[in-house]
Amino acid sequence: MTALAERFVTLLETITARSNVKVGDIDLIGVAETQRMLEQWIDTDVDVPASATLVDLFEAQVARTPDAVAIVFAEEELLYAEFDARANRLARELLARGVGPESRVAVALRRSLELMIAIYAVEKTGAAYVPLDPDHPASRIAYVIESAEPACVLTASRDRCEGVDGADAPVVEIDTLNLSRRASTPSPTPSGADGSTPIRPRT
(Lines give C-alpha, C1' and ligand atoms only; values in the text may rest on other atoms or scores of the structure.)
Protein backbone atom coordinates (compact mmCIF):
# COMPACT_ATOMS: atom_id res chain seq x y z
CA MET A 1 0.00 0.00 0.00
CA THR A 2 2.90 2.34 0.77
CA ALA A 3 4.37 1.73 -2.67
CA LEU A 4 1.01 2.42 -4.34
CA ALA A 5 0.60 5.63 -2.35
CA GLU A 6 4.11 6.78 -3.34
CA ARG A 7 3.35 6.16 -7.01
CA PHE A 8 0.08 8.06 -6.77
CA VAL A 9 1.89 11.03 -5.21
CA THR A 10 4.48 10.89 -8.00
CA LEU A 11 1.67 10.88 -10.56
CA LEU A 12 0.00 13.96 -9.01
CA GLU A 13 3.26 15.86 -8.62
CA THR A 14 4.28 15.18 -12.22
CA ILE A 15 0.91 16.23 -13.61
CA THR A 16 0.99 19.40 -11.50
CA ALA A 17 4.48 20.29 -12.72
CA ARG A 18 3.88 19.28 -16.35
CA SER A 19 0.23 19.77 -17.24
CA ASN A 20 0.68 18.60 -20.84
CA VAL A 21 2.41 15.31 -19.99
CA LYS A 22 0.79 12.05 -21.07
CA VAL A 23 -0.01 9.75 -18.18
CA GLY A 24 1.60 6.87 -20.05
CA ASP A 25 4.89 8.79 -20.19
CA ILE A 26 5.15 9.23 -16.41
CA ASP A 27 7.75 6.97 -14.81
CA LEU A 28 6.15 5.68 -11.61
CA ILE A 29 8.94 3.29 -10.71
CA GLY A 30 11.84 4.82 -8.84
CA VAL A 31 15.52 4.07 -9.23
CA ALA A 32 15.67 1.80 -6.18
CA GLU A 33 12.73 -0.30 -7.31
CA THR A 34 14.08 -0.52 -10.85
CA GLN A 35 17.39 -1.85 -9.55
CA ARG A 36 15.60 -4.33 -7.31
CA MET A 37 13.59 -5.61 -10.30
CA LEU A 38 16.62 -5.94 -12.56
CA GLU A 39 19.18 -7.21 -10.07
CA GLN A 40 17.09 -9.37 -7.73
CA TRP A 41 13.71 -10.36 -9.12
CA ILE A 42 14.68 -11.26 -12.69
CA ASP A 43 18.29 -12.25 -12.21
CA THR A 44 17.72 -15.73 -13.63
CA ASP A 45 21.00 -16.27 -15.44
CA VAL A 46 22.00 -19.94 -15.47
CA ASP A 47 25.25 -21.34 -16.77
CA VAL A 48 24.44 -23.64 -19.69
CA PRO A 49 27.07 -25.58 -21.68
CA ALA A 50 27.57 -24.03 -25.11
CA SER A 51 26.95 -27.37 -26.81
CA ALA A 52 23.76 -28.17 -24.87
CA THR A 53 20.42 -28.24 -26.66
CA LEU A 54 16.94 -27.90 -25.21
CA VAL A 55 16.57 -31.65 -25.59
CA ASP A 56 19.82 -32.25 -23.65
CA LEU A 57 18.70 -30.04 -20.78
CA PHE A 58 15.24 -31.55 -20.58
CA GLU A 59 16.55 -35.11 -20.67
CA ALA A 60 18.90 -34.27 -17.81
CA GLN A 61 15.85 -33.18 -15.81
CA VAL A 62 14.03 -36.40 -16.78
CA ALA A 63 16.97 -38.40 -15.44
CA ARG A 64 16.97 -36.41 -12.18
CA THR A 65 13.22 -36.48 -11.50
CA PRO A 66 11.49 -39.13 -13.66
CA ASP A 67 8.57 -39.48 -11.24
CA ALA A 68 7.94 -35.77 -10.71
CA VAL A 69 5.04 -34.02 -12.41
CA ALA A 70 6.30 -32.39 -15.61
CA ILE A 71 3.15 -30.90 -17.10
CA VAL A 72 -0.43 -30.26 -16.03
CA PHE A 73 -3.42 -29.37 -18.17
CA ALA A 74 -6.95 -29.18 -16.77
CA GLU A 75 -7.39 -32.46 -14.87
CA GLU A 76 -4.56 -34.25 -16.67
CA GLU A 77 -0.92 -34.49 -15.74
CA LEU A 78 2.17 -36.29 -16.98
CA LEU A 79 5.31 -37.27 -15.12
CA TYR A 80 8.68 -36.45 -16.66
CA ALA A 81 9.25 -40.09 -17.66
CA GLU A 82 5.79 -40.36 -19.24
CA PHE A 83 6.07 -37.08 -21.09
CA ASP A 84 9.51 -37.95 -22.42
CA ALA A 85 8.44 -41.43 -23.52
CA ARG A 86 5.46 -40.09 -25.48
CA ALA A 87 7.59 -37.42 -27.11
CA ASN A 88 10.15 -40.05 -28.10
CA ARG A 89 7.48 -42.22 -29.72
CA LEU A 90 6.13 -39.28 -31.68
CA ALA A 91 9.66 -38.24 -32.67
CA ARG A 92 10.22 -41.70 -34.15
CA GLU A 93 7.00 -41.39 -36.13
CA LEU A 94 8.23 -38.08 -37.50
CA LEU A 95 11.69 -39.45 -38.33
CA ALA A 96 10.03 -42.29 -40.25
CA ARG A 97 8.22 -39.64 -42.32
CA GLY A 98 11.46 -37.92 -43.29
CA VAL A 99 11.49 -35.19 -40.64
CA GLY A 100 14.94 -34.13 -39.46
CA PRO A 101 17.33 -31.20 -39.07
CA GLU A 102 16.51 -28.24 -41.35
CA SER A 103 12.96 -29.48 -42.00
CA ARG A 104 9.75 -28.05 -40.59
CA VAL A 105 6.65 -29.54 -39.00
CA ALA A 106 3.40 -27.60 -38.80
CA VAL A 107 1.62 -28.04 -35.46
CA ALA A 108 -2.13 -27.38 -35.60
CA LEU A 109 -3.20 -28.16 -32.05
CA ARG A 110 -5.16 -26.25 -29.44
CA ARG A 111 -3.76 -25.91 -25.92
CA SER A 112 -3.40 -29.44 -24.53
CA LEU A 113 -0.92 -32.04 -23.34
CA GLU A 114 -0.66 -33.17 -26.96
CA LEU A 115 0.49 -29.71 -28.02
CA MET A 116 3.46 -29.83 -25.65
CA ILE A 117 4.28 -33.41 -26.64
CA ALA A 118 4.19 -32.41 -30.31
CA ILE A 119 6.46 -29.40 -29.87
CA TYR A 120 8.99 -31.35 -27.83
CA ALA A 121 8.94 -34.30 -30.25
CA VAL A 122 9.73 -31.98 -33.15
CA GLU A 123 12.64 -30.56 -31.14
CA LYS A 124 13.94 -34.08 -30.63
CA THR A 125 14.17 -34.63 -34.39
CA GLY A 126 16.19 -31.45 -34.87
CA ALA A 127 13.44 -29.92 -37.00
CA ALA A 128 11.60 -26.63 -36.42
CA TYR A 129 7.92 -26.43 -35.57
CA VAL A 130 5.51 -24.03 -37.23
CA PRO A 131 2.63 -23.12 -34.87
CA LEU A 132 -0.86 -23.03 -36.38
CA ASP A 133 -4.04 -21.94 -34.61
CA PRO A 134 -6.92 -24.24 -35.67
CA ASP A 135 -9.32 -21.38 -34.92
CA HIS A 136 -7.77 -19.08 -37.51
CA PRO A 137 -9.45 -18.71 -40.92
CA ALA A 138 -8.79 -21.62 -43.26
CA SER A 139 -7.19 -19.29 -45.80
CA ARG A 140 -4.62 -18.06 -43.26
CA ILE A 141 -3.75 -21.60 -42.16
CA ALA A 142 -3.37 -22.70 -45.76
CA TYR A 143 -1.15 -19.69 -46.51
CA VAL A 144 1.18 -20.43 -43.59
CA ILE A 145 1.45 -24.08 -44.59
CA GLU A 146 2.13 -23.17 -48.20
CA SER A 147 4.81 -20.68 -47.17
CA ALA A 148 6.52 -22.96 -44.63
CA GLU A 149 6.44 -26.08 -46.81
CA PRO A 150 6.41 -28.45 -43.80
CA ALA A 151 7.31 -32.11 -44.08
CA CYS A 152 3.98 -32.87 -42.41
CA VAL A 153 1.22 -31.32 -40.34
CA LEU A 154 0.59 -32.53 -36.78
CA THR A 155 -2.97 -32.16 -35.54
CA ALA A 156 -5.62 -34.11 -33.62
CA SER A 157 -9.01 -35.39 -34.71
CA ARG A 158 -10.71 -32.71 -32.59
CA ASP A 159 -8.48 -29.93 -33.97
CA ARG A 160 -8.44 -30.92 -37.64
CA CYS A 161 -9.80 -28.05 -39.69
CA GLU A 162 -10.45 -26.98 -43.27
CA GLY A 163 -7.15 -25.16 -43.63
CA VAL A 164 -5.23 -28.29 -42.61
CA ASP A 165 -7.25 -30.60 -44.87
CA GLY A 166 -6.48 -28.42 -47.86
CA ALA A 167 -2.73 -28.45 -47.22
CA ASP A 168 -0.30 -29.95 -49.67
CA ALA A 169 1.43 -31.88 -46.89
CA PRO A 170 0.79 -35.19 -45.11
CA VAL A 171 -1.47 -34.78 -42.07
CA VAL A 172 -0.79 -36.81 -38.91
CA GLU A 173 -3.40 -37.00 -36.16
CA ILE A 174 -1.44 -37.34 -32.95
CA ASP A 175 -4.32 -38.91 -31.02
CA THR A 176 -4.40 -41.90 -33.40
CA LEU A 177 -0.79 -42.91 -32.70
CA ASN A 178 -1.33 -44.46 -29.24
CA LEU A 179 1.62 -42.60 -27.75
CA SER A 180 0.59 -43.51 -24.20
CA ARG A 181 1.27 -47.23 -24.63
CA ARG A 182 3.68 -48.64 -22.08
CA ALA A 183 4.10 -45.12 -20.69
CA SER A 184 6.18 -46.45 -17.79
CA THR A 185 8.60 -48.27 -20.11
CA PRO A 186 11.67 -46.26 -21.13
CA SER A 187 11.68 -45.11 -24.72
CA PRO A 188 15.19 -44.03 -25.75
CA THR A 189 15.49 -40.65 -27.38
CA PRO A 190 15.97 -40.66 -31.14
CA SER A 191 18.67 -38.37 -32.45
CA GLY A 192 18.96 -36.84 -35.89
CA ALA A 193 17.24 -37.51 -39.15
CA ASP A 194 18.37 -41.14 -39.28
CA GLY A 195 18.01 -41.81 -35.56
CA SER A 196 21.75 -41.86 -34.93
CA THR A 197 23.14 -38.44 -35.84
CA PRO A 198 23.51 -36.16 -32.79
CA ILE A 199 21.52 -32.96 -32.81
CA ARG A 200 23.71 -29.87 -32.50
CA PRO A 201 22.63 -26.37 -31.39
CA ARG A 202 23.12 -24.99 -34.92
CA THR A 203 21.30 -27.78 -36.81
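1. Start with helix α5, residues 113-125. This helix lies across β3 (104-108), β4 and β5. Helix α5 runs at about 150° to β4. Bear in mind that the model is predicted.

2. The strands under discussion belong to an open sheet of four strands. Their order is β4-β3-β5-β6, and the pairing is parallel. At the edges sit β4 (128-132) and β6 (171-173), each of which pairs on one side only. On average, neighbouring strands of this sheet are turned by 25° against each other, direction ignored.

3. Now the β5 and β6 pair. Strand β5 covers residues 152-155 and runs parallel to β6. Three bridges join the two strands. One detail to check in the viewer: Leu 154 has Val 172 in β6 as its bridge partner.

4. Back to α5, which also packs with helix α3 (residues 54-64). The angle between these helices is about 115°, and their axes are 9 Å apart. From α3, the contact uses Leu 54, Val 55, Phe 58 and Glu 59. From α5, Tyr 120, Glu 123 and Lys 124 take part. By class, the contact of α3 with α5 has four nonpolar residues, three charged and no polar ones.

5. A last point concerns Tyr 143 in helix α6, which spans residues 138-148. Is Tyr 143 buried or exposed? Tyr 143 counts as exposed because its relative accessible area is 56%, and the cut-off for exposed is over 50%. Tyr 143 and Gly 163 are 20 residues apart along the chain. Their C-alpha atoms are separated by 8.6 Å.

Key
Residues are numbered from 1 along each chain as its sequence is written. This is a predicted model: local features need pLDDT of at least 70, side-chain atom pairs count only at pLDDT 80 or more; totals for chains, interfaces and linings use all residues. Side-chain values use heavy atoms; hydrogens and water are left out. Two strands pair if DSSP finds at least two bridges between them. Axes are lines fitted to C-alpha atoms, for helices over the stretch in contact, and angles run from 0 to 180 degrees between N-to-C directions. Contact means heavy atoms within 4.5 Å. Ala, Val, Leu, Ile, Met, Phe, Trp, Tyr, Cys and Pro count as nonpolar, Asp, Glu, Lys and Arg as charged, and the others, Gly among them, as polar. Buried means under 20% relative accessible area, exposed over 50%, partly exposed in between (1.4 Å probe, protein chains only).
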